[in-house]
Amino acid sequence: MTILTHPTTPYLDQKPGTSGLRKKVRHFQQPNYAENFIQAVFDVVAAPAGSTLVVGGDGRFHNRTVIQQAIRMAAANGYGRVLVGQGGILSTPAASAVIRKYGANGGLILSASHNPGGPDEDFGIKYNGANGGPAPENVTEAVFARTKAIDRWLAVDAADLDLDAPGDSVVGAMTVSVIDPVADWADLMESLFDFALIRRAVADGLTMAFDAMHAVTGPYAHEVLERRLGFAAGTVRNGVPLEDFGGHHPDPNLVHARVLHDLMMDPEMAPAFGAASDGDGDRNLIIGKGIFVTPSDSLAMLAANAHLAPGYANGLAGVARSMPTSAAVDRVAQGLGIACFETPTGWKFFGNLLDAGKATLCGEESAGTGSDHVREKDGLWAVLLWLNVIAARGASVAEIARGHWARYGRNYYARHDYEAIESARADALMAELAAALPALPGRAFGPLSVAAADSFSYDDPVDGSTSTNQGLRVQFEGGSRVVFRLSGTGTEGATLRVYLERYEPPSGNLAAETPDMLADLVAAAEAIAGIARHTGRTAPDVIT
Ligand code: G6P
Ligand code: ZN
């Protein structure tokens with residue numbers, strides 16, 4: 001075996017964001033760019049010789065090129081075995097499941113999640129550790145520091161592998177196993193949910209539509225929904241992964257999953273249940289017949305009903321949500337008498353709580369929901385839990401939602417995104433707002449008066465670490481609030497996210513339209529932050 005040492009010079013822009021290193025494909029195609037980052041990961045995690053590494057991605061353009069290189073590099077860096085999904089495919093939750101099941105030391109997940117794919121679009125690399133979850137901040141910071149000093153990367157001298165042929169081969173002194181990317185994850189799902197019960201409901205007429213958005217969940221959804229649960233062929237739409245996702249944004253929101261949304265709002269044509277997932281399969285969109293369920297509500301409703309699924313029949317140890325996610329699940333936790341944790345945005349912050357057994361279910365407003373079965377959010381897992389609840393209760397999504405609100409009250413919620421703002425302008429808005437926060441309490445904006453305002457910082461109850469500057473929040477009397485945050489996942493300029501939430505108690509107005517209920521908050525957000533003044537934008541680009 002020949003190990004080649006390739007001299008290189010650092011790139012100074014390899015700081016991982018909310019979810020790994022994400023850049024345009026053309027950026028990643030620069031000489032040594034991906035190699036520098038992967039070598040920095042290997043240098044930092046220093047896996048014991050002979051360790052197993054999992055490699056796979058969402059199938060987007062550039063996936064196969066980087067996988068081939070990562071395999072040669074793993075062999076030169078002392079790994080004993082690489083498990084790679086057939087065709088280079090592994091959804092993010094499946095990669096997490098595979099890392100855990102086979103005791104791997106970690107994994108490289110190649111994805112830019114819900115961002116578009118193709119030669120002119122986005123790519124990403126993320127490292128997950130032995131627990132199956134995204135590397136914590138101390139690791140991503142060490143990787144970033146290493147990228148700034150890197151002067152060589154190692155690879156064995158070996159030809160490309162046939163990623164489409166299942167089975168084992170040898171690269172250098174390392175074994176590479178091309179594995180079925182679906183089977184392990186699908187078996188895990190069967191261990192958590194009552195497939196027989198759902199199958200009976202399907203036989204009795206339960207119908208659904210699942211939009212895989214030409215992204216990674218196609219093969220997973222075909223296997224569990226159509227093959228194992230018996231939903232009719234055609235239930236899975238856009239089910240073949242494409243390198244450019246068919247030219248679409250594989251983002252399961254009401255803008256990019258418009259076709260599914262319109263189907264679900266059509267009283268004649270809508271099946272009972274609709275769902276979609278994103279590029280790498282970790283996000284979910286839940287829509288009942290005639291009713292969209294916000295991710296924050298979905299988390300709360302799943303927490304309230306999870307005991308109906310065998311995997312959660314013993315109840316939940318606790319729940320966790322990211323700070324900008326609505327407080328709907330807090331009320332369920334209160335009702336159940338269990339803990340509710342509030343973390344910064346980013347799934348990695350749930351890892352410690354899940355590992356320590358403090359939380360069983362977690363969720364984020366950004367369409368992520370998951371549990372302690374893996375250490376990533378899991379789009380199809382959320383779909384299956386909803387199906388299990390629907391089958392167990394014999395109720396529709398609308399009935400479940402209305403019953404939930406009648407008991408716990410309703411958190412009206414929306415997120416307004418201002419995309420591709422010049423970074424300096426976005427930074428100026430946030431800096432000015434941060435400086436203004438101390439003077440806000442007591443001030444009135446229309447009918448709203450400010451109860452508290454601060455910059456969110458998180459003390460991890462497990463490892464004692466502190467993460468500061470995780471979003472600016474303005475709390476109003478009565479439980480409404482606005483949160484301002486800059487996205488950590490974009491690849492162009494800055495994205496300002498404004499999260500709006502208004503609570504109505506069970507005795508309040510539970511059947512209103514969300515924009516009507518949030519209008520005062522939108523006006524207050526503008527008055528407080530001067531969004532138009534700073535950005536020149538008078539309306540958000542996307543409302544979710
Ligand atoms: C990724 C992360 C999530 C996070 C989301 C939004 O999907 O895995 O945990 O909530 O990005 O992040 P952003 O920084 O763009 O708001
Ligand atoms: Zn994703």
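Why does I89 count as buried?

1. Let's start with that residue, keeping in mind that this is a predicted model. I89 has 25 C-beta neighbours inside 10 Å, and it therefore counts as buried; the cut-off for that label is 20 or more. I89 belongs to strand 4, which covers residues 81-89. If you set aside neighbours within four places in sequence, the contacts of I89 are G56, G59, P181, V216 and P241. I109 sits 20 residues away from I89 along the chain, and 9.6 Å separate the C-alpha atoms of the two.

2. Next, the overall layout. The domain assignment divides the protein chain into domain 1 (3-180), domain 2 (185-408) and domain 3 (410-543). Between the centres of domain 1 and domain 3, taken over C-alpha atoms, the distance is 36 Å. Domain 1 puts 9 residues into the contact between these two, and domain 3 puts in 4 residues. On the domain 1 side, strand 2 (residues 21-24) gives the most, with 3 residues. That side of domain 1 has no nonpolar residues; by class, 4 are polar and 5 are charged.

3. If the ligand is what interests you, have a look at its shell. Ligand 1 is surrounded by 13 residues, the closest being T18, S366, S487, G488 and T489. Sorted by class, the shell holds 10 polar residues, 2 charged and 1 nonpolar.

4. Now for the interior. As background, nonpolar side chains tend to be buried together in soluble globular proteins. Here the largest nonpolar core has 129 residues, and I71, V82, F210, A303 and L385 have the most contacts inside it. Helix 13 (residues 379-393) supplies the largest share of this core, 11 residues. Domain 1 (3-180) and domain 2 (185-408) each contribute at least three residues to the core.

5. Strand 20 meets strand 21 (residues 448-455) in the antiparallel sense over 2 bridges, and A444 is opposite S449 in strand 21. These two strands form a hairpin with 2 residues between them, where G446 has a positive phi near 60°. Strand 21 is also joined to strand 24 (residues 472-476), antiparallel, by 5 bridges; V450 has F476 in strand 24 as its bridge partner. Strand 19 (residues 410-421) and strand 26 (residues 494-504) run antiparallel and share 10 bridges, with R410 facing E504 in strand 26.

6. There is another hairpin to visit, made by strand 8 and strand 9. Strand 8 (residues 167-171) and strand 9 (residues 174-179) are antiparallel, joined by 5 bridges, and G167 has V178 in strand 9 as its bridge partner. There are 2 residues between the strands, and G172 in the turn shows a positive phi of about 60°.

7. Finally, two backbone angles to check by eye. Most residues other than glycine have a negative phi. S113 has a positive phi, near 50°, and lies in the loop between strand 5 (106-110) and strand 6 (122-128). S113 counts as buried because it has 27 C-beta neighbours inside 10 Å. H214, also not a glycine, has a positive phi of about 55°. H214 is found in the loop between strand 10 (208-211) and helix 8 (217-228), and H214 is buried, with 23 other C-beta atoms within 10 Å.

Definitions and conventions. Residues numbered from 1 in each chain as written. Chains lettered and ligands numbered in written order. Predicted model: local features only at pLDDT ≥ 70, side-chain atom pairs only at ≥ 80, totals over all residues. Near = placed C-beta within 6 Å. Nonpolar A, V, L, I, M, F, W, Y, C, P; charged D, E, K, R; others polar. Domains from an automatic or database assignment. Contact = placed C-beta atoms within 7 Å. Helix = DSSP H or I, 4+ residues; strand = E, 2+ residues; numbered from the N terminus. Core = buried A, V, L, I, M, F, W, Y, C linked by C-beta atoms within 7 Å. Buried ≥ 20, exposed ≤ 12 C-beta atoms within 10 Å, placed from the backbone. Pairing = 2+ DSSP bridges.
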